Amino acid sequence: FMGAYEVTQAEFQRVMETNPSGITDSDRLPVQNISWEQAVAFCRKLSEVPEEKSSGRVYRLPPEAEWEFACRAGSTTPTSVGAEITSSQANFDGNYPYGTDTTGTFI
């Protein structure tokens, strides 16, 4: 299983006892400004929370292949939106679309 939502600042604070986020208007906002090492430590420590441990849940970051599979949302095309992708569909330099000659802007 993969989480459907971002880890909130409140969740991160509860497990790690710190909140590195720069924008702290609401503890319901996603945690930000964490490194890969901090994310791994969060998963490890969350797995050790008694309620999680007793139910057998172990948390980890997905490897690239699992992340890619999840992002595709079951599609069989080169991208989750089809055989072509432009900068109107994703945030990238529109001078380099995929599967089409239709250029766009850098968003």
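## The loop between H1 and H2

Asn-33 sits in the loop between H1 and H2. The model is a predicted one. Asn-33 has a phi near 65 degrees, a positive value in a residue other than glycine. Its relative accessibility is 55%, and because exposed means over 50%, Asn-33 counts as exposed.

Glu-17 is also placed in the loop between H1 and H2. Glu-17 comes after H1 and has a positive phi, near 60 degrees; the residue is not a glycine. With a relative accessibility of 65%, Glu-17 counts as exposed.

Ile-23 belongs to the loop between H1 and H2. Its relative accessibility is 45%, so Ile-23 counts as partly exposed. Apart from neighbours within four places in sequence, Ile-23 is in contact with Gln-9, Leu-29 and Gln-32. Ile-23 and Lys-53 are 30 residues apart along the chain, and their C-alpha atoms are separated by 31 Å.

Asp-27 is likewise found in the loop between H1 and H2. It has a relative accessible area of 46% and is therefore partly exposed. Residues up to four places away in sequence aside, Asp-27 touches Thr-8, Gln-9 and Ala-10. Between Asp-27 and Val-7 there are 10 Å in space, C-alpha to C-alpha, and the two residues are 20 apart in sequence.

## Helix H1

Helix H1 covers residues 9-16. Its buried residues are Gln-9, Phe-12, Val-15 and Met-16. They cover an arc of only 135 degrees around the axis, so they lie on the same side of H1. An α-helix has 3.6 residues a turn, so residues three or four places apart point the same way. H2 is included in what covers the buried residues of H1.

Val-15 is one of the buried residues of H1. Leaving out neighbours within four places in sequence, Val-15 is in contact with Phe-42, Lys-45 and Leu-46.

## Helix H2

Helix H2 covers residues 36-47. Its twelve residues, at 1.5 Å a residue, should span 16 Å, and the end C-alpha atoms are 17 Å apart, which agrees.

The buried residues in H2 are Ala-39, Phe-42, Cys-43, Leu-46 and Ser-47. These residues cover an arc of only 130 degrees around the axis, which puts them on the same side of H2. The buried residues of H2 pack against H1 and helix H3 (50-54). On the face of H2 turned away from its buried side are the exposed residues Glu-37 and Arg-44.

## The nonpolar core

Six residues make up the largest nonpolar core: Phe-12, Val-15, Met-16, Val-31, Phe-42 and Leu-46. Helices H1 and H2 are the elements that give two or more residues to this core. H1 provides the largest share, three residues.

Two members of this core, Phe-42 and Leu-46, are also among the contacts of Val-15.

## The largest pocket

What volume does the largest pocket have? About 1200 Å³ of space lies in it. Its lining has 32 residues, and those nearest the pocket centre are Gly-3, Tyr-5, Val-7, Tyr-59 and Arg-60.

H1, H2, H3 and helix H4 (64-72) are the elements that give two or more residues to the lining of the largest pocket. H2 gives the largest share of the lining, six residues. Val-7, one of the residues nearest the centre of the largest pocket, is 10 Å from Asp-27, C-alpha to C-alpha.

## After H4

Thr-79 lies in the segment after H4. Its relative accessible area is 14%, and because buried means under 20%, Thr-79 is buried. With residues up to four places away in sequence not counted, Thr-79 touches Arg-72, Glu-84, Ile-85 and Tyr-98.

Methods. Residues are numbered from 1 along each chain as its sequence is written. This is a predicted model: local features need pLDDT of at least 70, side-chain atom pairs count only at pLDDT 80 or more; totals for chains, interfaces and linings use all residues. Side-chain values use heavy atoms; hydrogens and water are left out. A nonpolar core is a set of buried Ala, Val, Leu, Ile, Met, Phe, Trp, Tyr and Cys residues joined through side-chain atoms within 4.5 Å. Buried means under 20% relative accessible area, exposed over 50%, partly exposed in between (1.4 Å probe, protein chains only). Helices (H or I, at least four residues) and strands (E, at least two) are DSSP runs, numbered from the N terminus. Contact means heavy atoms within 4.5 Å. The expected span of a helix is 1.5 Å times one less than its number of residues. The arc is that of the directions from the helix axis to the C-beta atoms. On a 1 Å grid over the protein atoms alone, a cavity is a set of points where a 1.4 Å probe fits but cannot get out, and a pocket is an open set with protein on both sides within 12 Å along at least five of seven lines; lining residues have an atom within 4 Å of a point. Grid points are joined across faces, edges and corners, and a volume is the space filled by probe spheres set on the points.
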